[in-house]
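Colleague: I would like to learn how to read features off a model. Could we go through one by question and reply?

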Amino acid sequence: TFTDASGLVDNVYEATSSGMAVKVSVQGYKDVITFLVGFDNNDKIVGFKVTSINDTPGIGMKVGDPEFANAIIGKTVSDQLDTIAGATISSSAALRGIDAAIAVYQSLK
């Protein structure tokens with residue numbers, strides 16, 4: 001169990017010699033969104049998986065769509081990440097959570 005200064009990071013999991021995964025919970029438009037962000041040891045985001053989302057169908061739920069994950073996976077911790085048009089509140093919240101995960105990753109690396 002891990003708590004960061006932002007209060008968004010719930011847990012950090014270390015994959016020995018491979019990187020880490022960070023579990024994050026953020027308030028979306030309608031409800032809390034929980035997800036995991038995976039990092040390799042080369043500052044690259046290698047995974048993004050929403051584990052819990054209950055948002056506006058067709059809009060806020062897009063954070064859980066593969067297209068959102070595919071836009072994040074492969075980026076480095078210093079790359080700019082974009083929100084989803086039409087789902088700005090939920091995707092902005094997810095990006096805040098990813099930023100918190102990146103900060104934790106960098107502090108523990």
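Colleague: In which element does Ala-71 lie?

Modeller: Ala-71 lies in helix 1. Helices are DSSP runs of H or I with at least four residues, strands are runs of E with at least two, and both are numbered from the N terminus. This is a predicted model, in which local features need pLDDT of at least 70, side-chain atom pairs count only at pLDDT 80 or more, and totals for chains, interfaces and linings use all residues. Residues are numbered from 1 along each chain as its sequence is written, and side-chain values use heavy atoms, with hydrogens and water left out.

Colleague: How many helices and strands are there in the chain, and in what order do the elements run from the N terminus?

Modeller: The chain has 2 helices and 4 strands. The order from the N terminus is β-β-β-β-α-α. The radius of gyration is 13 Å, close to the 13 Å that the globule rule gives for 109 residues, so the chain is as compact as a globular protein of that length. That radius is taken over C-alpha atoms, and the rule is 2.2 Å times the number of residues to the power 0.38. Along the principal axes, the C-alpha atoms fill a box of roughly 40 × 25 × 20 Å.

Colleague: Is Ala-71 buried, partly exposed or exposed?

Modeller: Buried means under 20% relative accessible area, exposed means over 50%, and partly exposed is in between, with a 1.4 Å probe and protein chains only. Ala-71 has 43% relative accessibility, so it counts as partly exposed. Its C-alpha atom is separated by 9.8 Å from that of Thr-83, 12 residues apart along the chain.

Colleague: What share of the residues in the chain is buried?

Modeller: Buried residues make up 40% of the 109 residues. One of the buried residues is Ala-87, with a relative accessible area of 4%. Ala-87 is in the loop between helix 1 (66-72) and helix 2 (88-108).

Colleague: Which residues does Ala-87 touch, not counting residues up to four places away in sequence?

Modeller: Contact means heavy atoms within 4.5 Å. With residues up to four places away in sequence not counted, Ala-87 touches Ile-59, Gly-60 and Ser-92. For the chain, among contacts between residues at least 6 apart in sequence, 43% join residues at least 24 apart.

Colleague: Which side chain makes a polar contact with that of Asn-11?

Modeller: A polar contact is a pair of N or O atoms within 3.5 Å; within protein, one must be able to donate a hydrogen and the other to accept it, and residues adjacent in sequence count only if both atoms are side-chain atoms. Here the side chains of Asn-11 and Tyr-13 are joined by such a contact of 3.4 Å. Asn-11 is in strand 1 (residues 9-15) and, at 15% relative accessibility, counts as buried.

Colleague: How many positive and negative side chains does the chain have?

Modeller: Lys and Arg count as positive and Asp and Glu as negative, while His and the chain ends are not counted. The place of a charge is NZ of Lys, CZ of Arg, CG of Asp or CD of Glu. The chain has 8 positive and 12 negative side chains, and the centres of the two sets lie 3 Å apart.
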